[in-house]
Structure formats: structure tokens, C-alpha cells
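Subject: Structure for you to look at

Dear colleague,

Here is the structure I said I would pass on to you. Please open it beside this message, and then read my notes on what was found in it.

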Amino acid sequence: MTRKKRSERLKPVRKLADKGQQDASRELGHSQQALSEQEARLEQLENYREEYRQMFEGEGDRAIDPRRLRDERAFLSRLDEVIRQQQQVVENNMAEYERQREGWLQARTRVNALDRVSDRYRSHEARESDKQEQREMDDLPNPSRHR
């Protein structure tokens, strides 16, 4: 029975680690996209609030119906609450992104470590093969030694 070389036995482990890294990379991409979308939504809300505030203040010189003034202040208050909620969503997405990023870094580190071990095994196996070849050459009858 031939025994597999250590570098060959490591290949399935390396393959699993590589798949883990690819999965982690895909999850990181999804997380990054979700974060970008939520940040864009927050920016839109903040821009809308600023535009509305400027429009509301622009009417300050004219007489405003008290009921309309109360409604607009209530609207701005609700808009501020929506912005606070969206800020929380962005913070949650940022935390998830950082968690995914850490997972990806660990997966990449694992793959790199396996590559280094595999390289070391292959180098060792090559040296052993060279030594074996040299021993076989030394064991061959050499007519020049017997003269």
C-alpha cells in the first residue's frame, strides 16, 4: 500500500478552507452592499429633511396658519425620528459588516497558513526524493570503483 504524501493529504483540507474563504468573501460582499444601500437611504432622508427645513424657513416672512405651522413641525419631528431609526439601521449594518470582515480575514489567514504548510511539505518531500535518488545512484555498481 502506497502512502500518500503529506502535501497530497493536505489538499482536501486546503480545498475546504478555500471554499470557506469564498463563502466568507461572498457574505462580506453582501454585507457591504447592504451597508451602502442603508447609508444612501440615510443620506436621502437627511437631504430631504434639509430641503424641507429650508423651504419651511423660507416662508418665515409670511403669515402662516398656526395649524399649518403645527403640522409642519410635527412632520419635521416625525422625519427626525425616521432619520434616528435609519441611523440605527446603518449602525447595525456596520456592525454586521465588521463581523463579516473579521470572518473573511480569519478564513484568508487559514488559507495562507495552509499554503505555507503545504509549501514546506512539498520542499521537504522534494529534498527526500533527491536524497533517495542519490542513495539509489550510490548503490548502483560503479565499474570505475573496482579498477
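Tyr-48 and Tyr-52 both lie in helix α1, where they are four residues apart, about one turn of the helix. An α-helix has 3.6 residues a turn, so residues three or four places apart point the same way. Please keep in mind, as you follow these notes, that this is a predicted model. Tyr-52 is buried, because its relative accessible area is 15% and the limit for buried is under 20%, whereas Tyr-48 has a relative accessibility of 41% and therefore counts as partly exposed.

A search of the whole structure finds three aromatic pairs. In one of them, the rings of Tyr-48 and Tyr-52 have their centres 6.3 Å apart and their planes at 35°, so this pair is tilted. Tyr-48 also forms an aromatic pair with Phe-75, and this one is edge-to-face, with 6.3 Å from centre to centre and 85° between the planes. Phe-75 counts as partly exposed, at 25% relative accessibility, and together Tyr-48, Tyr-52 and Phe-75 form one aromatic cluster.

Which residues make up the largest nonpolar core? There are eight in all, namely Leu-28, Leu-35, Leu-42, Leu-45, Leu-79, Ile-83, Val-90 and Tyr-97, and α1 (6-58) and α2 (66-139) each supply at least two residues of this core. Apart from it lies another core, of five residues, among them Leu-10, Ala-17, Val-111 and Leu-114. If residues up to four places away in sequence are not counted, Leu-79 touches Leu-45, Tyr-48 and Arg-49, so that Tyr-48, a member of the aromatic cluster, is also one of the residues touched by Leu-79.

Helix α1 itself can be checked by its length: at 1.5 Å a residue, its 53 residues should span 78 Å, and its end C-alpha atoms are 77 Å apart, which agrees.

Finally, Arg-120 has its place in helix α2. Arg-120 is exposed, because its relative accessible area is 54% and the limit for exposed is over 50%. The C-alpha atoms of Arg-120 and Asp-139 are separated by 29 Å, and these two residues are 19 residues apart along the chain.

With best wishes

Terms used
Residues are numbered from 1 along each chain as its sequence is written. This is a predicted model: local features need pLDDT of at least 70, side-chain atom pairs count only at pLDDT 80 or more; totals for chains, interfaces and linings use all residues. Side-chain values use heavy atoms; hydrogens and water are left out. A nonpolar core is a set of buried Ala, Val, Leu, Ile, Met, Phe, Trp, Tyr and Cys residues joined through side-chain atoms within 4.5 Å. Buried means under 20% relative accessible area, exposed over 50%, partly exposed in between (1.4 Å probe, protein chains only). Contact means heavy atoms within 4.5 Å. The expected span of a helix is 1.5 Å times one less than its number of residues. Rings of Phe, Tyr and Trp (its six-membered ring) pair if their centres lie within 6.5 Å; planes under 30 degrees apart count as stacked, over 60 as edge-to-face and the rest as tilted.
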